[in-house]
Structure formats: structure tokens, C-alpha cells
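Thanks for coming. I will go through one model today, starting with the strands and ending with the chain as a whole.

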Amino acid sequence: MFGIYQDIVLDVTPAKAFVIFTTETGLNSWWTDQCKADCQIGGTYEFHFNPDYHWSAEVLELVEPEHITWVFTDADSDWTDTRLSFRLIHSNDKLILRMEHTGWKTRNHHFRHTSYCWAQYLRKLKETLISTSELFY
């Protein structure tokens, strides 16, 4: 199995960072077009990206305000059964957001494209946190 791994340094509180990758408002600000979030173990997230992409994932792990892990239950064949996690780590007085998208069966074109897209999306996440402090509070 293969995985995509990205770390970014954030200059916000853990609580604010946690909101951007676990709530409907947060996810819609940088990743999804529309999201429905049931933020609890066993809860379902519905990720809508455009009319052709409506995916679902189940929450496997949740420790507030530290991390969340989903497994994709309804997505395209490459994403189905993959795990996506966001984890906040304190290191040397910095807050690091660690994203891991694991369980890929192959390193095909879609894997490579998704790896690139995750880097772009995480840049957008960081920019959104910097520019929209009122969005979450």
C-alpha cells in the first residue's frame, strides 16, 4: 500500500486549526464545495466537490482538538478504502498539521495527481486560516 504525507506549520491555536478540517464551514472554506459532517466516531462525512463527485467517509478516530481519521466508504475506486487523517503536533514551539492519505493500492496517475492536489489544498487551508479569523469564531 502507498501513502501521501504532508506537513505544514500553522500559526494559529489548535482549536482554530481543528475546526478547519473537521467542520462543514471549515472544510468548505478550503477543500469541498459542500460538506455534511457528523463529527463523532462512526459518524459519516459527505464530501461534495462538483455534480460528479459525491463521496462519503466514516470517522474512525477522533480526539478533539488533536486529530481525525476517516476511511472513504463511497468514492472512486482509487479512494475507496483509503484513510485520510489530519493530526496536530506540537514541536519546538510550533503547531504542525500532519496530513496522511494512506491505503492506496497503486501509485498510478490518480495517486500522483492527488499527491500534488493535497499540497495545493493544504496551502489554501493555511491561507484561509491566516485571512479569515472571523470565519470560525
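Let me begin with terms: two strands count as paired if DSSP finds at least two bridges between them. Helices (H or I, at least four residues) and strands (E, at least two) are DSSP runs, numbered from the N terminus. This is a predicted model, in which local features need pLDDT of at least 70 and side-chain atom pairs count only at pLDDT 80 or more, while totals for chains, interfaces and linings use all residues. Residues are numbered from 1 along each chain as its sequence is written, and side-chain values use heavy atoms, with hydrogens and water left out.

On those terms, the protein chain has three helices and seven strands. Read from the N terminus, the order is β-α-α-β-β-β-β-β-β-α.

Now the pairing around β4. Strand β3, residues 44-50, and β4 run antiparallel, joined by six bridges. They make a hairpin, with two residues between the strands. Asn50 sits opposite Tyr53 of β4. On to the next strand: β4 and β5 are also antiparallel, with seven bridges joining them. This pair forms a hairpin as well, and three residues lie between its strands. In that pair, Ala57 faces Phe72 of β5.

Which residues does Ser56 contact, leaving aside neighbours within four places in sequence? Taking contact as heavy atoms within 4.5 Å, the list is Thr44, Tyr45, Glu46, Val71, Phe72, Thr73 and Asp74. Ser56 itself belongs to strand β4, which covers residues 53-63. For burial, I use under 20% relative accessible area as buried, over 50% as exposed, and partly exposed in between, with a 1.4 Å probe and protein chains only. Ser56 is therefore buried, since its relative accessibility is 17%.

Next, the loops. The peptide bond between Glu64 and Pro65 is cis, with omega about -5°. Pro65 is in the loop between β4 and β5, the latter being residues 67-74.

Two other loop residues have positive phi without being glycine. For Asp81, phi is near 75°, and the residue lies in the loop between β5 and β6, where β6 is 83-91. Is Asp81 buried or exposed? It is exposed, because its relative accessible area is 52%. Asn92 has phi of about 50° and is not a glycine either. Its loop is the one between β6 and β7, with β7 at 94-104. Asn92 counts as exposed because its relative accessibility is 70%.

Finally, the whole chain. The radius of gyration is taken over C-alpha atoms, and the globule rule is 2.2 Å times the number of residues to the power 0.38. For 137 residues a compact globule would come out near 14 Å, and the protein chain has 14 Å, so the two agree. The C-alpha trace spans about 40 × 30 × 25 Å along its principal axes. Of the 137 residues, 41% count as buried. Among contacts between residues at least 6 apart in sequence, 44% join residues at least 24 apart.

Accessible areas come from the Shrake-Rupley method with a 1.4 Å probe; for residues, only the protein chains shown count as cover. The protein chain exposes about 7,500 Å², of which carbon and sulfur atoms supply 47%.
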